[in-house]
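Student: I have a model open and would like to go through a few local features. Shall we begin?
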Amino acid sequence: MDIGNAYLEAYTEMVYIVAGKEFGDLCGHTLIIHKALYGLRSSGLRWWERLSVVLKEMVFAPSKAESDIWIHDCGDHYEYLARYVDDLGIISKRPREITDALEKEHGFKLKGTGPITYHLGSNFFRDSKGVLCMAPKKYIDRMSEIYLRLFGTKPRTTFTSPLEKGDHPELDTSPELGAKGIKQYQSLIGAAQWAVSLGRLDIATVVMTLSSFCAAPREGHLSRIRRVFGYLVKMKHATIRFRTGMPDYSGVPIVEHE
């Protein structure tokens, strides 16, 4: 779901004006503005704090590993609520109760509420066995459009790996890129980094390595990140499946040791 006009749900603190003549008897007084405001440096933080208070009232607690993942202990299982600014993803057996509480008890205006199909650039769907799957196919299509806009052609889809076997980008001695090439390189690296965040862990190592050359990339580095784009387009259907059942170890032999 998405929370509509999220920043207007949080009051801005300690923003003040000195009243002018139009305020009559209050002229010269310091007046604190007590309302929600867009565009301030603190607006995002005020909204983050507002939603945190609401989630705590709903008996959720932030994860120690990631403060934007909130957890509720239900006794025999956990509920999770993941937030990204004003976008929320809920993992629960009773999602309707949670959305009703956000709307009716706390007055939030929710948009797009329902079974998750698309979130932050990634597609969500269920396979033939009903297992929830995640694949950033739509985002990879956007990456292909970025590539086309930068180079005038679509990525080559002949690669079956993100990096050539035995390659060492740190040993590249090709000419350094000019200003235009550096901008292209940085744009491609940024897009690839978000693809990793969306679950494409197969390119994590090469993207991390190539990211270290953003300040002064070479022609060889640019050709490598272009290869990564071609690989992603070819393998855009690669999918992460979320299996919630406990693994069955009954068939694994137990070896007795002294």
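Student: What covers the buried residues of helix 5?
Tutor: This is a predicted model. In it, the cover over the buried residues of helix 5 includes helix 4 (179-197) and helix 6 (219-234).
Student: Which residues of helix 5 are buried?
Tutor: Helix 5 spans residues 204-211, and its buried residues are Val 206, Val 207, Leu 210 and Ser 211. Viewed down the axis of helix 5, these buried residues lie within an arc of 135°, so they line one face of the helix.
Student: Why would residues three or four places apart point the same way?
Tutor: An α-helix has 3.6 residues a turn, so residues at that spacing point the same way.
Student: And which residues are exposed on the other side of helix 5?
Tutor: Thr 205 and Met 208 are exposed there.
Student: Changing topic to the backbone: what is phi of Asn 5?
Tutor: Phi of Asn 5 is near 50°, a positive value in a residue other than glycine.
Student: Where is Asn 5?
Tutor: Asn 5 sits in the loop between strand 1 (2-3) and strand 2 (15-18). With a relative accessible area of 47%, Asn 5 is partly exposed.
Student: What about phi of Leu 120?
Tutor: For Leu 120, phi is near 55°, again a positive value in a residue other than glycine. Leu 120 belongs to the loop between strand 9 (118-119) and strand 10 (122-126).
Student: How does Leu 120 count in terms of relative accessibility?
Tutor: Leu 120 counts as partly exposed, at 26% relative accessibility.

Definitions and conventions: Residues are numbered from 1 along each chain as its sequence is written. This is a predicted model: local features need pLDDT of at least 70, side-chain atom pairs count only at pLDDT 80 or more; totals for chains, interfaces and linings use all residues. Side-chain values use heavy atoms; hydrogens and water are left out. Buried means under 20% relative accessible area, exposed over 50%, partly exposed in between (1.4 Å probe, protein chains only). Helices (H or I, at least four residues) and strands (E, at least two) are DSSP runs, numbered from the N terminus. The arc is that of the directions from the helix axis to the C-beta atoms. Contact means heavy atoms within 4.5 Å.
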